[in-house]
Amino acid sequence: MHHFSRGLKTAAALAMASIALAGCSLISSGDAKRDESGKPTESSKADAFKVKLGDCIANPDSQEVVDVTIIPCDQSHDLEAYGVTNMDASTFPGDTEVSAEAEKYCGAQFTTFVGLPFDESELEVTFLHPTSDSWKNGDREIVCLVGGASGAATTGSLKGAAK
């Protein structure tokens, strides 16, 4: 299970929220329906660990995420994966350190992807990150997600949106 939190705006600080992925699910939803190039072809439920860079998804139902709905980006969606990295700590560094590393990474990736620094943008950011339980099962991945202002759905990619 990944952990999920909603991004927050502050006047001068980068404040992001997070989503946790469950360590393991007994019944996996598998991957989204994809074409040969890996692009989703229709909205479909998928294991949260299957979210790839460039995927668009619906807002998860909870903070502890097992499954997500992956949606082709040309259809209305809530969030877009714009950055993916793996943590390299040998042991789980704790929730505070995981969040700090995710915020730093996602903030830097945001500027490159959107074309504006996060604190100058109207867009919102969240991220998927490991929990102590998912870490035990090999989860090291941070997935940065961007969405519309005030949680509004978007259509198409926000790459280069500069807003």
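Me: How do S5 and S8 pair, parallel or antiparallel?
Reply: Antiparallel, over four bridges. Keep in mind that this is a predicted model.

Me: Which residue in S8 is the bridge partner of Asp 47?
Reply: Asp 67.

Me: And S6 with S8, how many bridges there?
Reply: Two bridges, in the antiparallel sense. Ile 57 has Ile 70 as its bridge partner in S8.

Me: Back to strand S5. Is Ala 46 buried or exposed?
Reply: Buried, because its relative accessibility is 0%. Ala 46 is found in strand S5.

Me: Where is Asp 31 relative to Ala 46?
Reply: Their C-alpha atoms are separated by 4.8 Å. Along the chain, Ala 46 and Asp 31 are 15 residues apart.

Me: Switching to cores. Which residues touch the most other members in the largest nonpolar core?
Reply: Tyr 82, Cys 106, Phe 110, Phe 113, Leu 123 and Val 146. That core has 17 residues.

Me: Which elements give two or more residues to this core?
Reply: Helix H1 (95-114), strand S10 (124-128) and strand S11 (141-147). H1 has the largest share, with six residues.

Me: Salt bridges next. How many in the whole structure?
Reply: Two. Asp 55 forms one with Arg 34, and the closest N and O atoms are 2.7 Å apart.

Me: Where do Asp 55 and Arg 34 sit?
Reply: In two loops, 21 residues apart, so the pair links distant parts of the chain. Asp 55 is in the loop between strand S5 (44-47) and strand S6 (56-57). Arg 34 is in the loop between strand S4 (17-21) and S5.

Me: Is Asp 55 buried or exposed?
Reply: Buried, at 3% relative accessibility.

Me: And which residues form the other salt bridge?
Reply: Lys 136 and Asp 133, at 3.7 Å from N to O. They are three residues apart in helix H2 (residues 132-136), which means about one helical turn separates them.

Me: How accessible are Lys 136 and Asp 133?
Reply: Lys 136 is exposed, at 67% relative accessibility. Asp 133 is partly exposed, with a relative accessible area of 46%.

Me: How does the lining of the largest pocket divide?
Reply: Five nonpolar, three polar and five charged.

Me: What volume does the second largest pocket have?
Reply: About 180 Å³. Its lining includes Lys 45, Asn 59, Asp 61, Glu 64, Asp 67 and Val 68.

Me: Which elements give two or more residues to that lining?
Reply: Strand S7 (64-65) and strand S8 (67-71). S8 has the largest share, three residues.

Me: And how does the lining of the second largest pocket divide?
Reply: Five nonpolar, three polar and four charged. Asp 67 is in that lining, and Asp 67 is also the bridge partner of Asp 47.

Terms used: Residues are numbered from 1 along each chain as its sequence is written. This is a predicted model: local features need pLDDT of at least 70, side-chain atom pairs count only at pLDDT 80 or more; totals for chains, interfaces and linings use all residues. Side-chain values use heavy atoms; hydrogens and water are left out. A salt bridge is a side-chain nitrogen of Lys or Arg within 4 Å of a carboxyl oxygen of Asp or Glu. Buried means under 20% relative accessible area, exposed over 50%, partly exposed in between (1.4 Å probe, protein chains only). Ala, Val, Leu, Ile, Met, Phe, Trp, Tyr, Cys and Pro count as nonpolar, Asp, Glu, Lys and Arg as charged, and the others, Gly among them, as polar. On a 1 Å grid over the protein atoms alone, a cavity is a set of points where a 1.4 Å probe fits but cannot get out, and a pocket is an open set with protein on both sides within 12 Å along at least five of seven lines; lining residues have an atom within 4 Å of a point. Grid points are joined across faces, edges and corners, and a volume is the space filled by probe spheres set on the points. A nonpolar core is a set of buried Ala, Val, Leu, Ile, Met, Phe, Trp, Tyr and Cys residues joined through side-chain atoms within 4.5 Å. Two strands pair if DSSP finds at least two bridges between them.
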